Amino acid sequence: MEDRIRRAILDGELKRGERLPSEAELARQFRVSRTTVREALRSLSTQNFIEKVPGAGGGSFVRAVDHEALGEMLSESMKNLLSLGSIEADEVQSVREYLEVPAVRLAAGQRSLEDLARLHEIIERQKLVRVTDPSVPQLDVDFHSAIARASGNRVLWSFVQALHEQTMPVRFLDLSEEVGTETVLQHLQIVKAIEAGDEDAAQNAMVTHLRYLEAHRATAAERP
């Protein structure tokens, strides 16, 4: 039963968001016990093929098998590892340069008008908020994820988004108004290089930005 449902999802017979029949109906269709159905659904949920939603309007729903699902799986796995202490946030953050430098080079060569509009919109929102605004960490996640998205490499986008969602690097900064203003200006320089299609300038701007952030990281005692 589990293999047949998995194959139906992979073959596209079951679409994203589609609700599976009830446990009783699945047991009837596959001629198995409800215990077998529950075990199969639990396994499919663990593998991120379905999502189980509690409540009267809930049930088992098909999840996407695409780059977005990959990002969700990576994010959830990273969250669990961080919670268990199996990995440290510092380890995750140190991977940034390995991912974001090639991402910004690709973005300079691949970006669309839609990508540029998205990046400019994020920066305009960043200009309007103070560093104490609760939206600041998410705006930073959105900015770096948008660059990875503009790279045209969906796997790279999934990794960068997962990395930022689970560590929100801006939380680790000694984030004064001066640092916040300079960070936004650096974001703008990165976007200008991407918009100009200048891969070298985009890379240099990103490296400068990442090193600036590293130089302004808060000490362990200062972190939230």
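1. Start with the order of the pieces: along the sequence, the chain runs α-α-α-β-β-α-α-α-α-α-α-α-α. That makes 11 helices and 2 strands. Helices here are DSSP runs of H or I with at least four residues, strands are runs of E with at least two, and both are numbered from the N terminus.

2. A word on what you're looking at: this is a predicted model, where local features need pLDDT of at least 70, side-chain atom pairs count only at pLDDT 80 or more, and totals for chains, interfaces and linings use all residues. Residues are numbered from 1 along each chain as its sequence is written, and side-chain values use heavy atoms, with hydrogens and water left out.

3. Now the overall picture. The C-alpha atoms fill a box of roughly 65 × 40 × 30 Å along the principal axes. Of the 224 residues, 42% count as buried (under 20% relative accessible area, with a 1.4 Å probe and protein chains only). Take the contacts (heavy atoms within 4.5 Å) between residues at least 6 apart in sequence: 71% of them join residues at least 24 apart.

4. Have a look at helix α9, residues 154-167. Its 14 residues should span 20 Å at 1.5 Å a residue, and the end C-alpha atoms are 20 Å apart, so the two agree. (The expected span is 1.5 Å times one less than the number of residues.) The buried residues in α9 include Leu156, Val160, Leu163, His164 and Thr167.

5. What happens at the two ends of α9? At the start, a side-chain oxygen of Asn153 reaches to within 3.1 Å of the backbone nitrogen of Val155. Just after the helix, Met168 takes a positive phi of about 40°.

6. Which side chain does Glu100 meet in a polar contact? The side chain of His164, at 2.8 Å. A polar contact is a pair of N or O atoms within 3.5 Å; within protein, one must be able to donate a hydrogen and the other to accept it, and residues adjacent in sequence count only if both atoms are side-chain atoms. Glu100 sits in helix α6, residues 96-110, while His164 belongs to α9.

7. Are these two buried or exposed? Glu100 is buried, with a relative accessible area of 3%, and His164 is buried too, at 0%. Leaving aside residues up to four places away in sequence, Glu100 touches His144, His164 and Met206. On the same terms, the contacts of His164 include Arg96, Asp140, His144 and Pro169.

Methods
Buried < 20%, exposed > 50% of the residue type's maximum accessible area, 1.4 Å probe, protein only.
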